[in-house]
Amino acid sequence: HIQLRRLCSILHERTLPLSHPAVCVLIRQCLFHLGTLTTTSSSTHSSFSSSSSRGEPCLQWRTGWEAEGDVLTTLGRELARLAAELDEALREHQAVILLGEMAAYLADWDPTCRQAALKFASMTSRAADSMDK
């Protein structure tokens, strides 16, 4: 989870320019990597426990990430905060696209991410509508 915790820190502190193409690539690589597969079941990762109990592989880096206060809920809070912050200033188009993609990917596992994804989608829709005028 260390990579995702660092990602949470980056989002919270805004230490990297989220509109820079290289930063976008690094963040996507961090979020979308597969990593080690495991068949070990853990009581803290409910989305994958049924497949793990049958001996089917699951992503090891996602075990335990759904626990309250762990990386998934923290990412959800940071994405929601950034959605609210960027909604007021739509000049960071690349950051909105990146963060919206992240929120949409994580939306399957966390309702806060789902809400943030909808907020980012709404922002991009409004920006597109304003270009038509």
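Predicted model: local features only at pLDDT ≥ 70, side-chain atom pairs only at ≥ 80, totals over all residues.
Residues are numbered from 1 along each chain as its sequence is written, and side-chain values use heavy atoms, with hydrogens and water left out.

User: Why are α1 and α4 called roughly parallel to each other?

Analyst: Helix α1 (residues 2–13) and helix α4 (residues 71–87) pack at an angle of about 20°, their axes being 10 Å apart. Angles under 35 degrees count as roughly parallel, so α1 and α4 are roughly parallel to each other.

User: Which residues of α1 make the contact with α4?

Analyst: On α1 they are Leu 4, Arg 5, Leu 7, Cys 8, Leu 11 and His 12, where contact means heavy atoms within 4.5 Å. The residues of this contact comprise 8 nonpolar, 2 polar and 3 charged.

User: Why does Arg 14 count as partly exposed?

Analyst: Arg 14 lies in the loop between α1 and α2 (21–32). Buried means under 20% relative accessible area, exposed over 50%, and partly exposed in between (1.4 Å probe, protein chains only). Arg 14 has 27% relative accessibility and therefore counts as partly exposed.

User: What joins the side chains of Arg 14 and Glu 92?

Analyst: A polar contact of 3.0 Å joins them. The term requires a pair of N or O atoms within 3.5 Å; within protein, one must be able to donate a hydrogen and the other to accept it, and residues adjacent in sequence count only if both atoms are side-chain atoms.

Methods:
Axes fitted to C-alpha atoms, helices over the stretch in contact; angles between N-to-C directions. Helix = DSSP H or I, 4+ residues; strand = E, 2+ residues; numbered from the N terminus. Parallel < 35°, antiparallel > 145°, perpendicular 65-115°, else oblique. Nonpolar A, V, L, I, M, F, W, Y, C, P; charged D, E, K, R; others polar.
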